[in-house]
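Let's take a walk through a protein together, one piece at a time. Keep the picture in view and turn it as you read.

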Amino acid sequence: VILKQALAAAIARLTAQAVPSPRLNAETLLMFTLGCDRAYLFAHSERELNSDELGRYEKALAERASGVPAQYITGHQEFWGLDLIVSPAVLIPRPETEHVIECVLHLLKQREPPVRVAGSNILQPDESPLRIADVGTGSGCIALALAKELPQATIDATDISASALQVAGANAARHQMQSRVHFHQADLMAGLPHGCYDFVVSNPPYVGESEEDAVQLEVRKFEPRNAVFAGPKGSEVIELLIPQAYIALKPGGWLVLELSATIAQDVSHLLRPWAAVCITPDLQGIPRVICAQRVPREFGGIA
Ligand SMILES: C[S@@+](CC[C@H](N)C(=O)[O-])C[C@H]1O[C@@H](n2cnc3c(N)ncnc32)[C@H](O)[C@@H]1O
């Protein structure tokens with residue numbers, strides 16, 4: 001069998017099994033099987049596949065046809081330009097989570113202008129040290145994307161799942177960020193220091209059990225349940241996280257949370273005592289990220 005025949009047969013098979021984006025999936029799994037890039041598939045479309053290659057392609061296609069996400073078969077997902085390892089222990093990083101990174105970078109740009117220290121050079125805002133906490137880090141995608149963008153930042157990343165933290169640790173090692181990204185097995189922010197973070201970021205579980213039927217079957221069947229569902233309403237984990245984040249942040253520090261349209265109102269309500277609350281929509285116009293500032297220190301107020 002030559003490459004283009006194997007590919008055509010795979011597309012037909014995935015189409016018949018109602019797998020979404022059959023061509024993309026068939027190509028991704030063939031690139032994985034052959035250890036090649038997309039250009040190779042087109043440049044070598046007449047190449048014979050040997051029996052070992054055909055056997056491995058068949059196995060990958062059978063898994064995908066049974067509903068296993070392609071990322072769990074290949075073990076990879078890209079996020080913010082980083083190639084990340086994923087396993088069924090972690091949520092597959094989603095493109096909409098990149099809005100969390102964008103919001104943090106946007107808030108940093110808006111920070112007050114650099115202070116001129118007498119007799120020295122101007123201290124650029126992007127040079128002052130930053131402390132960030134990422135709660136529910138999963139694959140480590142948010143922590144590592146922020147570490148990549150902000151070389152002056154140190155990041156504490158937590159997860160309740162030890163197996164998720166193993167994946168996140170492997171990703172930090174692959175991208176040589178272990179010295180600035182520290183992982184902690186913890187329930188939300190338990191054990192983290194108080195009053196010291198410039199940012200607390202999180203893509204927490206935020207789907208309500210009452211919305212379960214609306215969640216893709218593949219997500220329900222294959223992604224970790226405690227990464228997706230928070231409780232009956234969906235806002236339960238965020239409700240616990242908000243007061244912990246308040247204590248952990250410096251005065252003037254920012255909380256940046258991913259959420260869904262379903263809970264946006266509830267979460268805005270919970271954040272009423274905070275300053276500068278703002279919701280950012282995703283590319284589909286759906287509320288996706290909420291930012292809120294811990295009230296800056298008042299003159300004469302308590303720290
Ligand atoms: C929606 S996933 C997000 C993973 C990753 N940050 C991302 O954006 O792809 C939520 C993560 O929170 C973790 N988690 C759930 N409950 C938690 C808790 N009480 N404390 C810490 N982590 C928790 C889950 O294990 C999961 O890795």
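Which residues of α7 are buried? They are C141, I142, A143, L144, A145, L146 and A147. Before going further, please keep in mind that you are looking at a predicted model. With seven of its nine residues buried, α7 is a mostly covered helix.

Where do such covered side chains go? In soluble globular proteins, nonpolar side chains tend to be buried together. In this model, the largest nonpolar core has 32 residues, and those touching the most other members are V104, I132, L146, L150, F199, V201 and V256. Two or more core residues come from each of these elements: the helices α6 (98–109) and α7 (141–149), and the strands β2 (82–85), β3 (130–135), β4 (153–159), β6 (197–202), β9 (249–258) and β11 (287–293). The biggest share, seven residues, is given by α7. To see how the pieces meet, click on L146: leaving out residues up to four places away in sequence, L146 touches I101, V104, I132, I155 and V201. There is also a second, separate core of 31 residues, with L192, V207, V237 and A292 among its members.

Now let's look at the strands. Seven of them form an open sheet in the order β5-β4-β3-β6-β9-β11-β10, and the pairing is mixed. At the edges you will find β5 (181–185) and β10 (275–281), each of which pairs on one side only. From one strand to the next, the twist averages 15 degrees. Zoom in on β3 and β6, which run parallel and are joined by four bridges. A133, for instance, has V200 in β6 as its bridge partner. Helix α11 (residues 236–248) packs on the sheet, where it touches β3, β6 and β9, and its direction makes about 155 degrees with that of β9.

While you are at α11, find V237, which sits in this helix. Is V237 buried or exposed? V237 is buried, because its relative accessible area is 17%, and buried means under 20%. Leaving aside neighbours within four places in sequence, V237 is in contact with L188, P204, P205 and A230. V237 and V207 both belong to the second core. These two residues are 30 apart along the chain, and their C-alpha atoms are separated by 9.9 Å.

L188 leads us to the ligand. Around the ligand there are 19 residues, and the closest are D159, D187, L188, N203 and A227. A backbone N or O atom of L188 lies 2.7 Å from a ligand nitrogen atom. In D187, a side-chain N or O atom is 2.8 Å from a nitrogen atom of the ligand. For A186, a backbone N or O atom is 3.5 Å from a ligand nitrogen.

Next, visit β1 (residues 76–79). In a regular strand the side chains alternate between the two faces of the sheet. You can follow that idea in β1, where Q77 and F79 make up the covered face and H76 and E78 the uncovered one. Strands β1 and β2 run antiparallel and are joined by four bridges, with F79 standing opposite L82 in β2. Two residues lie between the strands of this hairpin, and W80 takes a positive phi near 50 degrees.

S21, in the loop between α1 (3–16) and α2 (22–34), is not a glycine, yet its phi is positive, about 45 degrees. Q176 also has a positive phi, near 50 degrees, and is found in the loop between α8 (162–174) and β5. S21 is partly exposed, with a relative accessible area of 44%, while Q176 is exposed, at 66%.

A loop residue can be covered too. D282 lies in the loop between β10 and β11, and D282 is buried, with a relative accessible area of 9%. What does its side chain approach? A polar atom of the D282 side chain lies 2.9 Å from the backbone nitrogen of Q284. Beyond residues up to four places away in sequence, D282 touches H99 and R288.

Key: Residues are numbered from 1 along each chain as its sequence is written. This is a predicted model: local features need pLDDT of at least 70, side-chain atom pairs count only at pLDDT 80 or more; totals for chains, interfaces and linings use all residues. Side-chain values use heavy atoms; hydrogens and water are left out. A nonpolar core is a set of buried Ala, Val, Leu, Ile, Met, Phe, Trp, Tyr and Cys residues joined through side-chain atoms within 4.5 Å. Buried means under 20% relative accessible area, exposed over 50%, partly exposed in between (1.4 Å probe, protein chains only). Contact means heavy atoms within 4.5 Å. Two strands pair if DSSP finds at least two bridges between them. Axes are lines fitted to C-alpha atoms, for helices over the stretch in contact, and angles run from 0 to 180 degrees between N-to-C directions. A residue is near a molecule or strand if one of its heavy atoms lies within 4 Å of it. A polar contact is a pair of N or O atoms within 3.5 Å; within protein, one must be able to donate a hydrogen and the other to accept it, and residues adjacent in sequence count only if both atoms are side-chain atoms.
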